[in-house]
Every structure is written in C-alpha cells, then in structure tokens.
Amino acid sequence: MHRIKVRVVEDVLDANNTIARANRQDFDRAGVRVVNLMSAPGAGKTALLERALADTGDVRVGVLEGDVEGSLDADRLTSLHIPVVQLNTANGFGGECHLDANMVRSSLAAIPLEEIDLLVIENVGNLVCPAEFRVGEDARAMVCSVAEGDDKPLKYPLMFRACELAVINKIDLLDHVDADLDKLLANLQTVHPGIEHLLTSARTGEGVDGFRDWLVSRVRSPATA
Ligand SMILES: Nc1nc2c(ncn2[C@@H]2O[C@H](COP(=O)(O)OP(=O)(O)OP(=O)(O)O)[C@@H](O)[C@H]2O)c(=O)[nH]1
Ligand SMILES: [Mg+2]
C-alpha cells in the first residue's frame with residue numbers, strides 16, 4: 001500500500017518535471033530567465049516585489065502572480081507598469097496550494113515573453129508543496145520573515161534546501177518578535193550549507209537593493225536550476 005502511494009507521487013512529479021522542461025525550453029527560446037519566488041503566506045513576497053521591481057534599469061521584468069483566488073497581488077503591482085498576469089489555482093485547478101508546471105504552461109499565452117527579459121513567478125503562499133513542483137524556472141528564491149520564528153528552516157527543510165537564495169524579511173520587526181536572527185541564520189546553514197541569504201525590510205527598504213540586484217543578475221548569470 002505504502003509503496004503504491006510512493007509510486008503515484010513519483011509519477012505525478014515525473015509528469016510535472018516533463019512539462020516543466022517544456023516550459024523551460026519555451027522560456028529559453030524567448031530569451032527569458034525565470035525566478036520562482038516562494039514563501040509561507042504573508043512573508044512579504046509581493047511587498048518586496050513592489051519595491052524591488054520599481055526600477056530594474058534596462059532589464060525588462062514581468063510577473064506571474066500565483067494565488068488561490070483573487071487578483072489582490074496583481075492589483076498591487078499595476079502601478080509598476082510592467083506586464084503582470086494573475087494565475088488562480090481555484091479556477092479549473094481545484095484551489096491547489098502551489099503552482100505546478102501545467103498551470104504555468106496554461107498561462108504562457110498571456111505572458112508577453114518577447115517584451116521581457118526576466119519573469120518572476122510569485123508562487124502561492126505555502127512553505128511545503130511549492131518546493132516539490134518545478135515550473136520551468138532557472139532559479140528559486142524563498143522569503144522567510146522573522147515573524148515566522150527562527151526554527152522554520154529545521155521544520156520545513158525542503159523549501160530551504162530547494163532554493164538558491166533565502167531572503168530574511170521583516171527585519172524591522174526584530175525588536176518586536178521573539179525570533180533570534182543568529183539562530184535563524186545558523187538553522188538556515190544547517191539545512192542548506194552555503195546558501196546565499198539577504199536581510200531585508202520591505203517596509204523600510206533596507207536590503208531591497210540587494211534583492212533587486214540578485215533578481216536582475218539572473219539575466220546575466222548561467223542557469224542554475
Ligand atoms: N513590518 C513589515 N511588514 C511587512 C514587510 N514585508 C511585508 N510586510 C507586510 O506583511 C503583510 C504580507 O505581505 P505580502 O507582501 O502580502 O506577503 P506575501 O508573501 O506576498 O503574501 P501571500 O501572497 O499572501 O503569500 C502585508 O501587510 C505587508 O505590508 C516588512 O518587511 N516589514
Ligand atoms: Mg503575495
């Protein structure tokens with residue numbers, strides 16, 4: 001029984017990876033680099049994008065917004081005057097807690113790939129499932145806010161291991177929450193030794209330049225994922 005269950009999960013992930021490779025080929029053909037941005041709900045993905053994507057110089061950026069329902073995040077980005085496409089998992093996908101490669105594939109026609117150099121995919125807020133499903137990205141980044149507590153890398157290691165960058169956000173709240181930043185960073189290195197990290201506050205703007213630089217440099221770096 002257990003082995004059958006494992007086989008089914010493996011088959012689902014294999015099928016997903018096949019579609020993710022097709023997405024990746026389409027992105028490569030269009031010369032678009034893709035970042036899959038993940039976090040628990042409310043860690044600050046959209047708030048960071050609102051600030052970081054305000055000025056990306058000559059790098060043209062688009063965003064695919066993944067949410068279970070609604071267009072609140074896409075609406076927040078409209079003032080940036082960049083292409084933003086909202087993808088809802090409630091519509092036709094059963095309200096899934098993550099994006100998968102097939103969902104992203106279904107959105108490709110709506111994304112003006114010829115007009116952008118970098119696509120940021122804001123995944124559905126969830127610290128577990130999004131880490132398992134590749135969507136055709138070149139790189140993966142995750143946001144962990146200090147308000148979530150310093151133990152999160154130890155409790156959700158797959159997400160922290162799956163990413164090349166961990167953005168530690170809401171550092172303006174450090175004096176108001178119990179999380180110990182040194183402990184959080186040590187736990188991060190325990191589950192993913194050598195992982196790059198940034199300290200940011202989307203509220204004050206501290207560290208956001210570093211996040212913007214990391215995003216923009218994906219366009220010039222060799223693919224990693
Ligand atoms: N104090 C503080 N608040 C922040 C910071 N970043 C985000 N917030 C707030 O945290 C809340 C959630 O931020 P969002 O940007 O919506 O988070 P998200 O990760 O996009 O959330 P989902 O898309 O729902 O998963 C909002 O009220 C933000 O204003 C920060 O650095 N400091
Ligand atoms: Mg968001």
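Colleague: Why are H2 and H9 called roughly perpendicular to each other?

Modeller: This is a predicted model, and in it H2 and helix H9 (residues 208-217) pack at an angle of about 80°, with their axes 9 Å apart. Angles of 65 to 115 degrees count as roughly perpendicular, and therefore H2 and H9 are described as roughly perpendicular to each other.

Colleague: How do you know which residues meet where H2 packs against H9?

Modeller: Residues count as being in contact if their C-beta atoms, placed from the backbone, lie within 7 Å; by that criterion Leu48, Arg51 and Ala52 in H2 meet Val208, Phe211, Arg212 and Leu215 in H9. By class, this contact has five nonpolar and two charged residues, and no polar ones.

Colleague: What makes strand E1 and strand E4 a pair?

Modeller: Pairing requires at least two bridges, and E1 (residues 33-39) and E4 (residues 118-122) are joined in the parallel sense over five bridges, so they count as a pair. Val35, for instance, has Val120 in E4 as its bridge partner.

Colleague: What makes E3 and E7 the edge strands?

Modeller: The open sheet of seven strands has the order E3-E2-E4-E1-E5-E6-E7, and strand E3 (84-88) and strand E7 (196-199) each pair on one side only.

Colleague: Which element gives the most to the shell around ligand 1?

Modeller: That is H2, with three residues. Of the 17 residues around ligand 1, Gly44, Thr46, Ala47, Gly125 and Ala202 come nearest.

Key:
Residues numbered from 1 in each chain as written. Chains lettered and ligands numbered in written order. Predicted model: local features only at pLDDT ≥ 70, side-chain atom pairs only at ≥ 80, totals over all residues. Helix = DSSP H or I, 4+ residues; strand = E, 2+ residues; numbered from the N terminus. Near = placed C-beta within 6 Å. Axes fitted to C-alpha atoms, helices over the stretch in contact; angles between N-to-C directions. Parallel < 35°, antiparallel > 145°, perpendicular 65-115°, else oblique. Contact = placed C-beta atoms within 7 Å. Nonpolar A, V, L, I, M, F, W, Y, C, P; charged D, E, K, R; others polar.
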